Amino acid sequence: MTGESCGLFEYGHRACGGCAAAMAARTILDAAGKDTIIVSATGCMEVFSTPYPETAWKVPWIHSLFENNSAVASGIVASLKKQGRKEKVIALGGDGATFDIGILCLSGAFERGHDFVYICYDNEAYMNTGIQRSGATPYDASTTTSPAGKCSTGNRRPKKDLPMILAAHGAPYVATASVAYLPDLKKKVEKAIATEGPCYLQVHAPCCTGWGFEGEKTMTIGKLAIETGLWVNYEMEDGKVTRVKKVVRKPVEVYLKEQRRFRHLFKPKLNETEIAKIQAVADRNAERFGIDIKLKK
Amino acid sequence: MALGLGCSAKPGKAKENRTGSWRTFRPEFLHEKCTKCGLCSLVCPEGCIAEDGEGQPVPDYDYCKGCGICAEECPGQAIEMKKEEK
Amino acid sequence: MMEFMEGSHAVAHSVKHCRPEVIAAYPITPQTHIVEALAEMVANCHLDAEYITVESEFSALSACLGASAAGSRVYSATTSQGLALMFEVCFNCAGMRMPVVMSIVNRALGAPLSIWNDQQDSISLRDSGWLQFYAEDNQEAADLHYLAYKVAEDRNVLLPAFVCFDGFILSHTYEPVDMLTQEQADSYLPRYTPVQRLDSTDPISFGLFASPDYYMEFRYQIDQAVKGAAKTIAMAGREFGEMFGRDYSNLVESYRLDDADCAIVAMGSICGTVKDAIDEMRKDGKKVGLLRLRSFRPFPNKEVRSALSGVNCVAVLDKNISLGTKGAVALEVRDALYGQQVPVLDYIIALGGRDVRKKDIRAVVDMAGQGKGDLFHGLRQELVS
């Protein structure tokens, strides 16, 4: 049966089975509606959705380069303003495009205050080129350029705090979300669109291929990230944290042991020292955002 | 066939690529157990689960890659993944 | 109306006449006077444009690309390092067929750092798919912007265009310039109507990736469009001449070339000096002429071949060097003359603002007469021996 797809993101795209970025794209378009112009950075999402001539996008869409989607979006916003047009502009990029190579353009566009939404689907490494580390890769994750080995336990640095950097630009609305909670993501996209000025959304997008878990577990892994405090869903308005998803926290091991990228922490033998460091990251997150639900005893 | 100016294209042509051939496991929808909550349709990365007139989920097997998220997330265990037989 | 104007201001005024809707630029010497003048026009409501003060040249051209895709006429200006930073976006603009017009205030490329003039910057982008025009004086620098928009936006072309003019030598020099009025400009250059644009009522995808099954055909089409632009330039240049008396229909200009034994080939402001030197040499009985290239892309192969068919030697003045071989202009002139017996000798001159005087031109002609060439002229020998 080949029916009409109801969404604005056409099926037939070439994302891996179980792809979180594809889920995010669908949800974002569902929230944004047809009067939206999408500016994609080079990356997985761009590649799996637009091999010529088979575009999956049913809204106006443009891709220029890896690192310039914010600048291209600036130009589009200026042009629309000049023409008196009302379409909304959303720039989409993976964490490599957003945290690393595109941060110059991103910072410039936010400082200038263009009215657009930047959405980063954060799968915590360069997945399109084969799982190399980025500034969004978490501590101790094994990637192809930060492999765990005899002398290394994987990525040496903690994840860059990009939402705070963008909040410091004076962005009126900054939020994190996860594909594990799609209705929440949808609401945040709607809110970002409705907010005037540059808004930033960072969406946790577990990557089955890059992180090493079965495709059907994408949502499960996303939920575990939140339940362990290694990913926090929150909203910031005018620089202040206004809403946080609270959880009854689980130990980080339950999240880590499900993924090949952390396997070296468990095999050949349990690395308690490193796991304790990752637990400390979660503890700091919990303290900073107040995510812990206190259970009555 | 004329090329799109500057490598541009008309919308939605991805549909010509039938990703159903990727599938090794096939979701079978057990309508008697389905509560019509719509979660399977929401989480499907392909967006290829529609609803019939009764609100029952109808997958489009021309595009379903068989990732199994729908089965994994279904709160009523109303979707079973079966090995594809071609 | 004839006005005594700085080159940058003349250019800024003709850009204003072209009614760009979005301007994105980043300051760099010696381009600044243009973008400052435009900012002032916007600030005083003399120009109704969105002016984006980007954080880099890379973003300047990226923003122009976005605005162009959304359906606006756009403008930027840069030079040297700024253009080098735009390299990736330059190829993208041409490949995506965005008719962006950008002034290049020619300047040397580092290292060593130099703010002074040569043409290494724009010539290094020769493979990018941008049209490249080179002005001899401020009049031409101003006029070529109207022409550039007209050609770039033509449906048979749809390519971005550089209008190149020499940094400081032209940009910071006052000359009398016959400026068009806004009404004249409007009658020559109509409002921009994009062939396709980002628009939710007709949602096209721009900038897909091409597999090996498609990539070559797209590149072929761009090449065809650049080559085909020659015809559009001829038409638009003739129309400009008919309307305002200055004809730009020819991609090249010949000066005292008809009976010349030796032809100099050059681009840009140096041609003024060359013409003066030729007049002097003619008085001394030396039959020297000049072929000035106004368009470097498309490269005027046929015109070069036909203009130089009768000469005994060709001396190319290159304000650039493809390190490890020769100057780019000489290489292309030699290619245009392939199969003809005339020797083409290359002279790398004026790099990084090194002054070129009439006596240098005479020296080059003398060397060419002796078959001596393919060298740097004007080196301080005491520093390199």
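Predicted model: local features only at pLDDT ≥ 70, side-chain atom pairs only at ≥ 80, totals over all residues.
Residues are numbered from 1 along each chain as its sequence is written, and chains are lettered from A in the order in which they are written. Local features need pLDDT of at least 70, side-chain atom pairs count only at pLDDT 80 or more, totals for chains, interfaces and linings use all residues, and side-chain values use heavy atoms, without hydrogens and water.

Visitor: Which are the edge strands of the open sheet of nine strands?
Guide: Strands are DSSP runs (E, at least two residues), numbered from the N terminus, and two strands pair if DSSP finds at least two bridges between them. The order runs from β10(A) through β9(A), β7(A), β8(A), β4(A), β3(A), β1(A) and β2(A) to β9(C). Each edge strand pairs on one side only, and these are β10 (240–244) of chain A and β9 (205–206) of chain C.

Visitor: Which residue is the bridge partner of A:Trp61 in β9(C)?
Guide: Strand β2 (residues 61–63) of chain A runs parallel to β9(C), joined by two bridges. The partner of A:Trp61 there is C:Ser205.

Visitor: How much area do chain C and chain A bury between them?
Guide: Buried area is the accessible area (1.4 Å probe) that two parts lose on being put together, summed over both. Of this area, 62% lies on carbon and sulfur atoms. The total is about 3100 Å².

Visitor: Which residue forms a salt bridge with A:Lys81?
Guide: A salt bridge is a side-chain nitrogen of Lys or Arg within 4 Å of a carboxyl oxygen of Asp or Glu. Three salt bridges are counted between chain C and chain A. With the closest N and O atoms 3.7 Å apart, the partner of A:Lys81 is C:Glu50.

How values were computed
Helix = DSSP H or I, 4+ residues; strand = E, 2+ residues; numbered from the N terminus.
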